[in-house]
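Colleague: I would like to learn how to read strand pairing in a model. Please take me through one case.

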Amino acid sequence: QVQLVESGGGLVQPGGSLRLSCAASGSIFSIYAMGWYRQAPGKQRELVATITSGGITNYADSVKGRFTISRDNAKNTVYLQMDSLKPEDTAVYYCNAPYDIATNAVLWDWGQGTQVTVSS
C-alpha cells in the first residue's frame, strides 16, 4: 500500500500562487499516472489535474492555464503549481493515482490533504 503525504497549502490572496507537493512511499510510484483532486466544503471531490508516468498532462477546464502538474519520479513526488488563484480554488487538495476517472475511483487510501484558502 502506498502512503501519500500532501503539503504546501496555506492562505493566499486572490491572484497569488502556491506550490503543492505530494510525497508517495514505495518504489512503484513511477509507473502510475497521478492526479490532484480537491474538495470544497459541501461539494464532491473533483479531479483537477493528471499526469501520466511519461509526463503527459491534462487539466480540468476550471484550472487550465493557471495550474501546472509535474512529477519527479526519483523523489516519488508530484507537484501542483497554482497561479492566479481565485477564491473558488479554496478547498482541501489531495493527490492519488486515478483508477477510474468517471467515478473518481483511486488506487490508494487518501492522505490527509492540504488546505488551500484563497481570500483577501
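This is a predicted model: local features need pLDDT of at least 70, side-chain atom pairs count only at pLDDT 80 or more; totals for chains, interfaces and linings use all residues.

Modeller: Residues are numbered from 1 along each chain as its sequence is written, and side-chain values use heavy atoms, with hydrogens and water left out.

Colleague: Which strands pair with β4 in the antiparallel sense, by 5 bridges?

Modeller: Strands are DSSP runs (E, at least two residues), numbered from the N terminus. Two of them pair if DSSP finds at least two bridges between them. Here β4 is joined to β5 (residues 46–51) by 5 bridges, antiparallel, and 5 bridges also join β4 to β9 (residues 91–96), again antiparallel. Arginine 38 stands opposite glutamate 46 in β5, and its bridge partner in β9 is tyrosine 93.

Colleague: Why is β4 largely enclosed?

Modeller: Buried means under 20% relative accessible area (1.4 Å probe, protein chains only). In β4 (residues 34–39), 5 of the 6 residues are buried, so the rest of the structure largely encloses this strand.

Colleague: What is the strand order in the open sheet?

Modeller: The order of its 4 strands is β1-β3-β8-β7, with antiparallel pairing. β1 (4–7) and β7 (67–72) are at the edges with a single partner strand each, so one side of each has no neighbour in the sheet. β1 pairs with β3 (residues 18–24) over 4 bridges, and leucine 4 has alanine 24 in β3 as its bridge partner.

Note on methods:
Buried means under 20% relative accessible area, exposed over 50%, partly exposed in between (1.4 Å probe, protein chains only).
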